[in-house]
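Visitor: I would like to go through the charged pairs in this model and hear the reasoning behind each label. Please show the structure before we start.

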Amino acid sequence: MKAFVKLIAGVAVAAFSWNISLADVLDDGQNVQYYQDMKGKKVVFVPQAAGIDNVEGYITAMRKQAEALGYTIDIRDPNWNTDLGAQAISAAINEKPDVLVVMNQDVQSYARLLKQAMAAGIPVIQVQVKSVTTTDGYAGPEWYDVGYRNIKAAMETCSPTKGKSGKIAIIQGTPTNPANAYGMAALETLTAENPDIKVVSTQAGDWDATKAHGVASTVIKQNPDLCAYIGFWDGQDIGVAAAIKEAGLTGKVLLFSSGGGNQSSCDQVKNGGFDYYLSYDAAGQARDLNDAIKVVFQQKNAPGEKPFVFYSNVKIVTKETLTPTSCWSKKDF
């Protein structure tokens, strides 16, 4: 009994510093060890770039959990620069944090470094953009599924059997990004299954809304009977929406988009910019990312020994399904 009281007293001190109420530290057989597994740990996060909605959401959620559970988060922002990101990862490998979290720029750039980190004894979690290297954890979309769903919906809508032209266009981002790479793989599969569908353009916007606008404007002029445009990221696809609107074809040339589900995308659905939107819910990803960190802290496996994934739940948002909670804003974190 004395040992039990001593243990509770020790945890109570820790609970005070971690903002955990005293009522929560009565030992249930797991909770005391749970808090001890988190205490004093260090997490380094290398995102694509700070400032974008998804990343700010991840950072906000990660910092809240770290503060509550007594570990630290160190953000190393490369601001879209792959070389700076590689330098940040290399520096983290030398520092040996307890967990390294990486949001890759593409499927290849950091692949070797992620292997090096695990070989150095550092567990690695990837978020949203998964490289070809499988690490301890991944929280984010199953990209082939996202692309497949959007393209299939567009092809079904535009089928000549429904009185449509069967013509669709794709606005790509960059070839090595998983949203683009797996989306194009889904396009290849579905094109073979739907010979009555004609893909009239697959040009790239390089994730730039302005460039996407220029590409889409030209394609729409060249194909006045175009049925649908399909994009792989909402931040770029707003340029396509603008091109469709300028051509006076809103609601006639349909736009199928996907993204993390922030409020601006639901606004596009409401205003007719996006006709079909597939959200992979960045707010849910933030929760999954935090859970992945807790799993790694508790399991204590050798890096790379038992990989796991939290694939994002996806939801379809159209004018018919749109609700006040269909999308998120930063305050929701």
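Visitor: How many salt bridges does a search of the whole structure find?
Guide: The search finds nine salt bridges. The model is a predicted one.

Visitor: What makes Arg76 and Glu95 a salt bridge?
Guide: Their side chains meet with N to O at 2.6 Å. The cut-off is 4 Å between a side-chain nitrogen of Lys or Arg and a carboxyl oxygen of Asp or Glu, so the pair qualifies.

Visitor: Where in the chain do Arg76 and Glu95 lie?
Guide: Arg76 is in the loop between strand E2 (72-75) and helix H4 (82-95), and Glu95 is in helix H4. The two are 19 residues apart, and the pair links distant parts of the chain.

Visitor: Why is Arg76 called buried?
Guide: Its relative accessibility is 17%. Buried means under 20%, so Arg76 counts as buried.

Visitor: Why does Glu95 count as partly exposed?
Guide: Glu95 has 40% relative accessibility. That value lies between the limits of 20% and 50%, so the label is partly exposed.

Visitor: How do you know that Asp225 forms a salt bridge with Lys167?
Guide: The closest N and O atoms are 3.2 Å apart, and the limit is 4 Å, so Asp225 and Lys167 meet the criterion.

Visitor: Which label do Asp288 and Arg287 each get, buried or partly exposed?
Guide: Asp288, at 10% relative accessibility, is under 20% and therefore buried. Arg287, at 45%, falls between 20% and 50% and is therefore partly exposed. The side chains of Asp288 and Arg287 meet in a salt bridge of 3.3 Å, N to O.

Definitions and conventions
Residues numbered from 1 in each chain as written. Predicted model: local features only at pLDDT ≥ 70, side-chain atom pairs only at ≥ 80, totals over all residues. Heavy atoms only, no water. Helix = DSSP H or I, 4+ residues; strand = E, 2+ residues; numbered from the N terminus. Buried < 20%, exposed > 50% of the residue type's maximum accessible area, 1.4 Å probe, protein only.
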